[in-house]
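Hi everyone, thanks for coming along. Today I'd like to walk you through one protein chain, starting with a single piece of it and then stepping back. Please have a look at the screen.

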Amino acid sequence: MKYFGTDGIRGEYGGGHVNEAFFEGLGAAVSAHLQGKIKGRLPKIAIAGDTRFSSEPLKAAFCKGLRGVEVSDFGVVPTPALAFGVLKEKADFGVMITASHNPYTDNGIKFFDENARKASDEAQEQIEKFFDEKISGSGAEASVKKVDMKSHYIAKMGSILPKGCLKGLKIALDCANGATAGISGEVLRGYGAEVVEIGISPDGKNINCNIGSEHPEALANLVRESGAFIGLAHDGDGDRLVVCDENANKIAGECVMGLIAIEASRQNALKGGAIVTTIQSNVGMDESLKKRGVEVFRSGVGDRLVMRLMLEKGCEIGGENSGHYIFMDISPCGDGLAAAVKLLSTLLCLKIKVSEMSGVVSLYPSIQKALKVARKTPISETPTLSKTVEKIEREMSGNGRVLIRYSGTENKIRLLVEGKDSAINEKSMAELVKSVENDLQ
């Protein structure tokens with residue numbers, strides 16, 4: 001697609017695709033898209049944003065472009081709360097203004113359908129077409145009403161587990177100065193937990209700034225200082241969860257997802273007997289789950305693709321090792337708070353420490369790097385990198401794998417080397433980095 005990446009449109013605020021004029025045009029195109037689908041009444045849109053200083057002006061610009069629709073504005077809430085609100089308000093479309101885990105200088109937009117699932121490729125392609133052709137909806141300017149979805153979302157998330165079930169637990173929480181500030185802590189305290197928090201004072205420019213899921217060292221320090229049972233960190237829009245154990249060590253996303261799936265299977269509550277993850281996740285998880293009768297299906301990268309495969313395979317649990325987890329019994333959208341609640345419930349059932357999770361789900365040693373690139377040349381056309389990949393795959397001969405892909409939202413290439421021998425992994429990664437420097441930087 002021309003404008004949409006793996007998770008909506010994202011870029012530097014004020015740049016070519018993230019500015020008020022562009023978002024106003026998107027609003028006009030979305031109006032036309034919805035009016036083509038919905039007849040006999042005004043389409044209804046739910047909209048929200050994160051804590052970036054640019055989110056409100058971009059939201060206002062998008063709404064300015066809308067015609068012949070009704071709008072429910074949820075203000076500042078996490079992306080999963082926007083998705084929850086789409087269902088609660090019976091909206092036809094959801095709009096979230098956010099750049100997720102990116103720095104405050106970036107912003108973006110992502111769309112949801114009436115089922116609170118990421119908008120389909122077909123919908124996004126039509127919106128792009130209408131945008132380029134300057135096709136707008138008809139009718140009056142959108143009527144916008146404010147809706148307190150934050151309170152409704154807190155009530156929903158506070159009703160999943162039994163009251164008081166977390167009494168006696170100390171939880172370290174990092175809200176990344178983002179949209180979960182004032183929400184996740186309140187929900188966890190409602191279950192009886194003692195919560196020590198950082199990243200709960202957003203000022204428009206400190207979202208994800210050396211804090212949150214992309215900077216787990218801040219959470220690790222909080223765990224050490226507080227002596228917490230567990231550390232939990234969100235990203236700026238709250239659809240991710242990163243976990244630290246009681247020793248301040250980061251827990252792999254595969255261990256989080258795998259442990260929850262294993263316990264669900266043990267309780268005969270794992271729909272389809274399987275989970276969905278992406279090609280990025282460690283293959284060691286597959287082996288650990290297979291021993292316990294749980295199958296693993298793999299999609300391309302992006303929670304939109306995970307959801308698509310979950311629906312196809314009839315699975316209720318899916319996610320990415322980056323911290324995006326989907327639990328269909330709670331929400332059709334990735335939800336960091338839902339993942340935290342699910343994990344805490346699982347740990348209580350198993351009566352284990354967070355550090356013992358890796359003993360249940362074992363992973364291959366792996367190395368990952370994300371490098372900035374000047375261009376995104378197809379890997380097969382790179383003179384050095386393509387040959388290096390072939391060489392490493394021959395040397396590993398079935399005892400590991402190499403995965404290389406370009407980021408869909410940034411000018412970066414993501415490298416993964418995974419195998420049983422750590423020394424070979426390190427040597428292989430060094431060769432890949434050198435090849436990227438030669439070909440793409």
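Let's begin with strand 5, which covers residues 106–112 in this predicted model. Seven of its seven residues are buried, so strand 5 is largely enclosed by the rest of the structure. Which residues point which way? Asp106, Gly108, Lys110 and Phe112 point one way from strand 5, while Asn107, Ile109 and Phe111 point the other way. Whichever way they point, all of them are buried.

Now, what does strand 5 pair with? One partner is strand 1, residues 9–12, and the two run in the antiparallel sense over four bridges. If you want a spot to look at, find isoleucine 9, which stands opposite isoleucine 109 in strand 5. Another partner is strand 4, residues 93–97, again antiparallel and over four bridges. There, glycine 94 stands opposite phenylalanine 112 in strand 5.

Next, the nonpolar cores. The largest one has 67 residues, and the members that touch the most others are Ile230, Leu232, Val243, Ile275, Leu289, Leu343 and Met357. Let's zoom in on methionine 357. Leaving aside residues up to four places away in sequence, methionine 357 touches Ile251, Cys255, Val256, Leu259, Leu343, Leu347 and Ile352. There is also a second, separate core of 31 residues, including Val18, Ile45, Ile47 and Val69.

One more residue I'd like you to find is glycine 212. Where is it? Glycine 212 lies in the loop between strand 8 (194–198) and helix 7 (216–226). Is glycine 212 buried or exposed? Its relative accessible area is 0%, so glycine 212 counts as buried, the cut-off being under 20%. Its contacts, not counting residues up to four places away in sequence, are Asp174, Ala176, Ala233 and His234.

Finally, let's step back to the whole chain. It has 13 helices and 18 strands. Its radius of gyration is 22 Å, close to the 22 Å that the globule rule gives for 441 residues, so the chain is as compact as a globular protein of that length. Along its principal axes, the C-alpha trace spans about 65 × 60 × 40 Å. Buried residues make up 58% of the 441 residues. And if you take contacts between residues at least 6 apart in sequence, 71% of them join residues at least 24 apart.

How values were computed: Residues numbered from 1 in each chain as written. Predicted model: local features only at pLDDT ≥ 70, side-chain atom pairs only at ≥ 80, totals over all residues. Heavy atoms only, no water. Buried < 20%, exposed > 50% of the residue type's maximum accessible area, 1.4 Å probe, protein only. Pairing = 2+ DSSP bridges. Core = buried A, V, L, I, M, F, W, Y, C linked by side-chain atoms within 4.5 Å. Contact = heavy atoms within 4.5 Å. Rg over C-alpha atoms; globule rule 2.2 N^0.38 Å.
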